[in-house]
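Please read these notes alongside the model.

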Amino acid sequence: MFHLSAYNLIITNSSSSNPVAIILPGTKEQLLASITCCKNAPCEFIIRSGGHSFEGLSYSAWNHQIFVLIDLMNLNRVLVDMESKTAWVEAGATLGEIYYEVSRASSHFGFPAGLYPTIGSGGHIGGGGWGLMSRKYGLASDNVVDAILVDSNGRLWLSTKSISPSG
Ligand SMILES: Cc1cc2nc3c(=O)[nH]c(=O)nc-3n(C[C@H](O)[C@H](O)[C@H](O)COP(=O)(O)OP(=O)(O)OC[C@H]3O[C@@H](n4cnc5c(N)ncnc54)[C@H](O)[C@@H]3O)c2cc1C
């Protein structure tokens, strides 16, 4: 199966366009190298975290262009720090993986995000993220206190604070 984290079955039918390659980075260094490589290739690249885009935005490129899929499913580490009451979450971690790790660290804590456990944190938090705890605690994105970013040119924007799960 080529759509490794394809949850939108409306999009994954026989007429959907297929990526020419699927890259599965497992560290942020591999992600940087993947993006740099794709920038120098004559095709588009698309990022997928959990594959729950309603519009199929992580399933095809604009105007049916040839594309490479960078699937973040292996960038899914969640590191909970009970002292600071925060967690570092990689973009490919699903909401279920976040809820599981937070509840393993303490049954008194949670994270306000969506209901469906296989949604990816990357697409979800990037778009806001509403869930059952949102009336009291706001959107998932309201609760982001720090981030390490990789931009579309393959540049890394480091956090000024702690170390992320992948170092
Ligand atoms: C069954 C189902 C239940 C849902 N329930 C809720 C809910 O309870 N609450 C709620 O608020 N929303 C809900 N949603 C909506 C969901 O939060 C959004 O569709 C979200 O964008 C999905 O994120 P994803 O990473 O799984 O999807 P993806 O398809 O992987 O990504 C969505 C978009 O974000 C981009 N993207 C993904 N990761 C990154 C990244 N790391 N950096 C930059 N761009 C990225 C993709 O290229 C794509 O354009 C639900 C959706 C589904 C299908």
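1. Strand E2 (44–48) and helix H3 (121–126) each contribute at least two residues to the shell around the ligand; helices (H or I, at least four residues) and strands (E, at least two) are DSSP runs, numbered from the N terminus. H3 gives the largest share, 3 residues.

2. This is a predicted model, in which local features need pLDDT of at least 70 and side-chain atom pairs pLDDT 80 or more, while totals for chains, interfaces and linings use all residues. Numbering runs from 1 along each chain as its sequence is written, and side-chain values use heavy atoms, without hydrogens and water.

3. The ligand is surrounded by 22 residues, the closest being Ile47, Ser49, Ser58, His124 and Trp130 (a heavy atom within 4 Å counts as near).

4. One oxygen atom is 2.6 Å from a side-chain N or O atom of serine 58. A polar backbone atom of glycine 120 is 2.8 Å from an oxygen atom of the ligand, and for a backbone N or O atom of glycine 123 the distance is 3.1 Å. The protein buries 70% of the 960 Å² that the ligand exposes when taken alone (Shrake-Rupley method, 1.4 Å probe).

5. Arginine 48 places its charged end over the ring of tyrosine 59, 4.2 Å from the ring centre (criterion: NZ of Lys or CZ of Arg within 6 Å of the centre and within 35 degrees of the ring normal).

6. Lysine 85, not a glycine, has a positive phi of about 55 degrees. Lysine 85 lies in the loop between strand E4 (78–81) and strand E5 (86–89).

Definitions and conventions:
Polar contact = N/O pair within 3.5 Å; in protein donor to acceptor, adjacent residues only side chain to side chain.
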